[in-house]
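Colleague: I am new to this one. Could you show me how to read its strands and sheets?

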Amino acid sequence: MLSSRMALRRLQRIAVAPLSFPGAATTKVLREMSSVPRVYVTRQIPPEGLKILRDSGQVQFELWDSDDVPVPRKELLQKVKGVDGLLCVLTEKIDAELLDAAGPNLKVLSTMSVGFDHLSLEELKKRGIRVGYTPEVLTDAVAELTVALLLATSRRLIEATHEAKTGGWGTWRTLWLCGYELANSTVGILGLGRIGVAIAERLAPFKVKKFIYTDVAPRPELAKAINAEYVSLDELAKQSDFLSVCCALTPETKEVCNKDLFKKMKNTSIFINTSRGGVVNQEDLYEALSTGQIAGAGLDVTVPEPLPTNHPLFTLKNCVILPHVASASYSTRNAMSALAANNLLLGLRGQPMIKELKL
């Protein structure tokens, strides 16, 4: 498994070169090309991706030049008119309305994300639009953040920091701010892919007793790497001391983590979600946390995003909520932008993308 730094160096080396043609072919090709392909970039992506687009000489592109505020929907619908390619991030909903606004010239969409629940795949397939995405390069960053979130939640680090800052730190007490250890525990993984494996590899040195997982089907090759046992969803809930959600958001996984699952979990269990907020029924999670049905939850993803500051989950001491930062390392985000840019350019050439969704 390549680290994001190694992946970035590789992507820099294979960055798509400017178009060039030998001798007399140049005149013919230029005659056939009515114009350089137009591309719209929906966010100020990290510099490596922008550099690849600029240096390629293959496209003329315009971008929404902000990293703080997503492009307003009304403006996005205007900007995509007549484009040949679109490079987006997960905040943009790519649906029939947007594809209609873009028109028939749009042939390639590249998303700077591993998830694709913001894309209407059926509409893209129907229109013959190719789709690139950015898996694998963020595996290490997401796994690291998941472990950090798990530890922060289980050992109550956010609570402890608050107590130290606000005068709650008094005399030493025998059970004050006690949490739960990974040593001799059972860790469950919902959705065993590369990220799930990477999480388990990082947790193993903590002397975890057992890894279990569930998925749409057994995944023996991946499971072998971490010596994980395949179990049903019910058994995953019942046995796990720590349950980490790593699955994609699909119609089958939408709100799969609900009151039925939480009721089967131990009251000492820690629930962690770094996949997509939509896999969790947040009302049911609030009930499970506020009644002590489970011990704690750590969330990097929610519905909606950002989660309103008056949401009930923010009132709970046993719920740690992060603002969707699992892939937020400099090397990983640059690698994601470089991969997204290369996918786009290769797609516009009619060549195989480095990472393409098969629709």
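Colleague: In strand 12, what is the bridge partner of L299?

Modeller: Keep in mind that this is a predicted model. The partner of L299 in strand 12 is I321. Now widen the view to the strands themselves. Strand 11 (residues 296-299) pairs with strand 12 over 3 bridges, in the parallel sense.

Colleague: Which order do the strands of the open sheet have?

Modeller: The order is 8-7-6-9-10-11-12, giving 7 strands with parallel pairing. Strand 8 (228-230) and strand 12 (319-321) stand at the edges. Each has a single partner strand, so one side of each lacks a neighbour in the sheet. From one strand to the next, the twist averages 20°.

Colleague: Which strands does helix 9 lie across?

Modeller: Look for the helix packed over the strands. Helix 9 (residues 194-203) lies across strand 6 (186-190), strand 7 (210-214) and strand 9 (242-245). To strand 6, helix 9 runs at about 165°.

Colleague: Back to the start of the chain. How many bridges join strand 1 to strand 2?

Modeller: Count 4 between strand 1 (residues 38-41) and strand 2 (residues 60-63), which run parallel. Among the pairs, R38 has Q60 as its partner, and V39 has F61.

Colleague: Through which helix does the chain cross from strand 1 to strand 2?

Modeller: Follow the chain through helix 3 (residues 47-56). This β-α-β crossover is right-handed.

Colleague: And what stands opposite Y40 in strand 3?

Modeller: That is L86. Strand 1 also pairs with strand 3 (residues 85-88), parallel again, over 3 bridges.

Terms used
Residues numbered from 1 in each chain as written. Predicted model: local features only at pLDDT ≥ 70, side-chain atom pairs only at ≥ 80, totals over all residues. Heavy atoms only, no water. Pairing = 2+ DSSP bridges. Helix = DSSP H or I, 4+ residues; strand = E, 2+ residues; numbered from the N terminus. Right-handed = clockwise from strand over helix to strand, strands pointing away. Axes fitted to C-alpha atoms, helices over the stretch in contact; angles between N-to-C directions. Contact = heavy atoms within 4.5 Å.
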